[in-house]
Amino acid sequence: MKKLFKVLGIAVLVVLALLVTLPLLVESRIDGIVRREAEKRLAARLDFERLDLSLLRHFPRASVDLKGLTLVGEGEFAGDTIVAARRISVVVNLGSLLGGEGLEVTKVVLTDPSVSARKLADGRVNWAVMKPSEEAGKPVGETEAVEEPSSFRLSVRDVRIDGARVSYRDDSSGMRLRTAPLRLRLRGDLSAAQADVRLRLDAADVTFAAGGAELLRGATVGAEIEAAADFAARRFELSRNRLRVNDVEVSLDGWVALSDEGVTMDLKAAAPKASFRDVLSLVPALYARDFRDLRATGELSLSAWARGTLAGERLPAFGVSLGVSDGTLRYASLPGVIERIDLKASLTNPGGPMDATELDVERFSLALGGNDLRASLHASRPVSDLRLRAELDGRIDLGALSEAYPLGEGTRLRGLITANVRGEGRMSDIRQKRYRQMQASGVFTIENLELSLPGVPEVHIDRASAGVSPDALTLGELTARIGRSDLAARGQLTDYLGYLLGEGDLAGKLYLRSELLDLNQLLPESSQPAAAAQEPDAAPAAEAKPLEVPRDMRLSLSVAFRKVLFRQMEIADLAGTLSMRGGVLSLDGLKMGLFGGRVNASGSYATADDPLHPSLSLDLSVQQASFARTFAELETVQRLVPLFEKTGGDYSLTLRMNARLQPSMQPDLGTLDARGEIRSEHIRLGNIAALDALARVLRDEGLRQIEARDVRIRFTVADGRIATQPFDIRMGKTSINLSGVTGLDETIDYTARVTLPEGSAGGVLSTFNVHIGGTFSSPEITLGLKEAARDAVRDVVEEQVQKLTGGKDVGEVLGEAFEQQAAKLRAEAARAGEKLVEAARGQRQQLIDKAKNPLAKAAAEKGGDALVREAEKQAANLAAQAEQQIETLRRKLMAEKGE
């Protein structure tokens with residue numbers, strides 16, 4: 001007996017050893033099979049981090065784990081991860097691992113998978129990853145080798161999905177679906193000819209949108225389905241099935257059969273236990289806000305059915321009906337109640353194309369705060385030519401609504417809305433603007449509306465009324481206050497039906513008036529300059545966005561605004577016409593008071609091509625504006641022309657400019673391109689570092705102030721720099737011809753041709769160049785003394801020669817004391833040379849005094865010494881030229897005397 005147990009023990013150990021070591025021997029074979037089958041059958045890239053095989057986890061079956069699996073699209077979907085999973089466990093028949101007939105799969109478990117499905121506008125889908133059959137399109141009768149059988153055989157009895165994230169996007173229809181997490185369990189012998197199949201589904205945070213409307217948001221969806229499946233006949237009998245969306249639970253009975261022609265069905269759905277409150281859970285605006293606090297009563301009827309075949313674009317006959325009678329809606333935390341809710345609606349199709357579907361809201365009514373509201377809607381032919389018939393009649397007290405529905409913290413709503421409108425027509429008439437083929441009439445009125453929202457200026461509408469006709473929506477009167485601003489409007493809007501239905505642009509003309517329009521209060525805070533400077537621990541500001549011009553509006557706006565505040569600017573008596581079309585706002589001859597003067601403006605502001613970086617084009621004419629106010633109110637001038645801060649007087653300007661704007665609505669100065677001319681009858685400049693430096697260098701206090709008349713300066717702006725063409729100004733008795741460039745960083749690069757009054761600089765230097773560099777706050781002055789000295793030598797010699805000859809012909813000088821005059825010429829040349837050297841020495845001392853440290857002082861001394869040496873050289877040259885002129889005159893005199 002002991003020997004028997006010993007043998008059995010050894011056998012068990014051997015078996016266990018085999019179960020542990022055998023997976024190591026066959027893992028590589030399975031890895032190869034999976035990769036080979038994927039490459040052969042998929043037009044996408046399948047990959048996984050590792051493959052593990054275990055014979056113990058599901059003994060007597062084996063389990064294969066794929067970890068870190070990804071399926072990535074190719075072609076037009078290259079780089080899109082279609083499927084990803086942390087782990088996929090597949091249970092296979094142990095004998096199929098060792099045999100040659102392939103793997104027999106019995107169970108599949110997906111852990112934390114992510115599925116992203118997408119359909120493009122042209123109909124292509126990213127999940128079509130199976131390679132097309134190679135036999136398609138081959139000539140009949142062509143012999144082929146028999147295709148190698150697949151390495152997989154499905155005999156699945158259990159499929160589980162845990163923690164799935166699923167998203168679907170259909171660009172062709174605008175449909176969107178997203179859910180996470182999702183759990184699914186499917187059980188049954190899927191390899192048998194007939195079997196009972198059970199499915200359980202739970203999905204949370206489901207969001208579903210279609211047709212531009214969000215139908216579900218944050219919903220929970222569940223399903224428990226049992227079906228008798230005949231896989232051979234491809235028919236499924238449903239019994240004891242439950243579907244759940246939020247609090248609405250629906251029972252589903254009937255059968256579904258699959259065929260090559262389509263899906264045939266006979267299904268019925270009912271909600272015998274559903275209440276009015278349960279149905280309200282399907283409304284996103286109600287379910288997402290304090291739904292647990294909602295109390296609702298009323299009789300509810302809800303049913304649906306489908307019968308026929310779904311094949312291609314053909315739908316089975318179906319019907320959905322919903323009815324509510326004597327309903328009430330109340331929040332426990334609020335005093336108000338919405339009562340006498342009555343609804344009868346249906347959605348039907350007799351079987352056929354989608355175009356045969358009809359929606360009929362026969363009646364909808366409610367009572368709120370003693371006021372009644374009634375509405376009806378009928379829609380048909382949704383595909384070929386949508387036909388609508390609608391009616392709205394009644395009054396809503398917004399104050400009563402705020403007492404019956406939670407609007408949110410900090411929100412206040414008051415006012416009366418009265419409507420009595422009716423309309424009927426076809427979409428084709430709207431598209432073709434055949435408005436007389438339609439019916440539309442009624443009046444819409446708003447009275448004493450007050451709306452207060454957190455972070456938004458309060459809105460008060462005293463009265464607004466609009467008359468409705470097929471052709472136009474006529475705004476008879478509108479008077480409103482938004483924060484500090486007031487606005488009055490009237491006008492007419494055409495093509496409004498197509499605009500409301502998303503089938504065209506809104507057109508029309510409006511007349512707008514305002515006594516005060518404070519744009520600083522109306523614009524988002526993120527577009528204000530102060531938004532950039534925040535406290536270190538303050539909450540981050542919202543991302544700045546410029547004002548976007550709607551593309552689907554064609555409006556003409558005639559404006560008359562008494563006062564407009566925008567940033568630091570105060571605009572007075574703004575009047576003119578604005579036109580809006582295709583994302584472009586055009587200005588046509590706007591007139592306004594600005595910067596203390598008058599401005600005429602034309603141009604455009606466009607967001608059509610780049611909403612985040614609008615393009616601005618302006619043609620401005622400014623008359624008698626103030627330099628000081630322009631600098632104080634316009635940030636661009638502060639950055640580009642800081643000189644305006646120290647400038648007194650008025651100016652006129654013509655300017656043509658183009659630029660891109662930043663999201664904060666400030667010009668991107670790197671894209672600014674402009675040209676123009678600035679004129680001033682009387683200009684005063686003082687307390688400017690560059691002028692002070694020039695006055696110190698030239699030892700002329702009169703240069704510290706500029707007071708000039710009739711100044712005209714032409715300029716261009718490009719690459720963030722202002723370039724001025726040469727212009728003349730006078731500073732005291734000194735004349736200056738100035739030109740140069742100003743940069744965004746306040747760097748300056750100007751050249752001034754200075755003409756000093758007679759007798760300045762010792763009577764030697766009269767005209768010279770000055771280079772003004774550095775920055776406005778720290779200018780650097782360089783005098784062109786070398787060139788000035790050469791000019792001085794020439795001028796002095798010519799002047800003394802003139803004195804020597806007295807302006808007479810050479811022959812007339814024969815009788816005069818030539819030597820006496822020549823001595824005077826030598827003396828004047830010597831005296832001029834001495835003054836030239838003295839001026840250079842003064843310039844040298846100025847450079848040394850300006851130096852602020854030993855290194856700078858040493859450099860100044862070196863530069864000053866060079867100036868003195870140059871002056872001494874020119875003084876010597878002056879004496880030499882005087883002698884040369886004397887000798888030349890002497891030879892001429894001797895020649896004429898015949899000597």
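A residue counts as buried under 20% relative accessible area, as exposed over 50%, and as partly exposed in between, with a 1.4 Å probe and protein chains only. The exercises below concern a predicted model, in which local features need a pLDDT of at least 70 and side-chain atom pairs count only at pLDDT 80 or more, while totals for chains, interfaces and linings use all residues. Residues are numbered from 1 along each chain as its sequence is written, and side-chain values use heavy atoms, with hydrogens and water left out.

**Exercise 1. Confidence**

Task: State the mean pLDDT of the protein, and describe the stretches 1–22 and 135–147.

Solution: Begin with the scale, since pLDDT is the predictor's confidence in each residue, from 0 to 100. The protein has a mean pLDDT of 80, and 77% of its residues reach 70 or more. Over residues 1–22, however, the pLDDT is below 50, and beyond near neighbours in sequence this stretch has seven contacts in the model, a contact being heavy atoms within 4.5 Å. Over residues 135–147 the pLDDT likewise stays under 50, and the model has two contacts beyond four places in sequence for them.

**Exercise 2. The whole protein**

Task: Find how many helices and strands the protein has, and what share of its residues counts as buried.

Solution: Helices (H or I, at least four residues) and strands (E, at least two) are DSSP runs, numbered from the N terminus; the protein has 14 helices and 40 strands. Of its 899 residues, 38% count as buried. Turning to contacts in the protein with a separation of 6 or more, residues 24 or more positions apart account for 52% of them.

**Exercise 3. Backbone exceptions**

Task: Which peptide bond is cis, and where do Arg234 and Arg381 lie?

Solution: As background, most residues other than glycine have a negative phi, and most peptide bonds are trans. The bond between Ala180 and Pro181 is cis, with omega about 0°, and Pro181 belongs to strand β7 (residues 175–187). Arg234, although not a glycine, has a positive phi of about 60°; Arg234 is found in the loop between β9 (213–230) and β10 (235–245). Arg381 has a positive phi near 50° and lies in the loop between β19 and β20 (387–397).

**Exercise 4. Accessibility**

Task: Are Leu377, Arg234 and Arg381 buried, partly exposed or exposed?

Solution: Leu377, in strand β19 (residues 371–380), has 31% relative accessibility and therefore counts as partly exposed. Arg234 is partly exposed because its relative accessibility is 36%, and Arg381 is partly exposed because its value is 39%.
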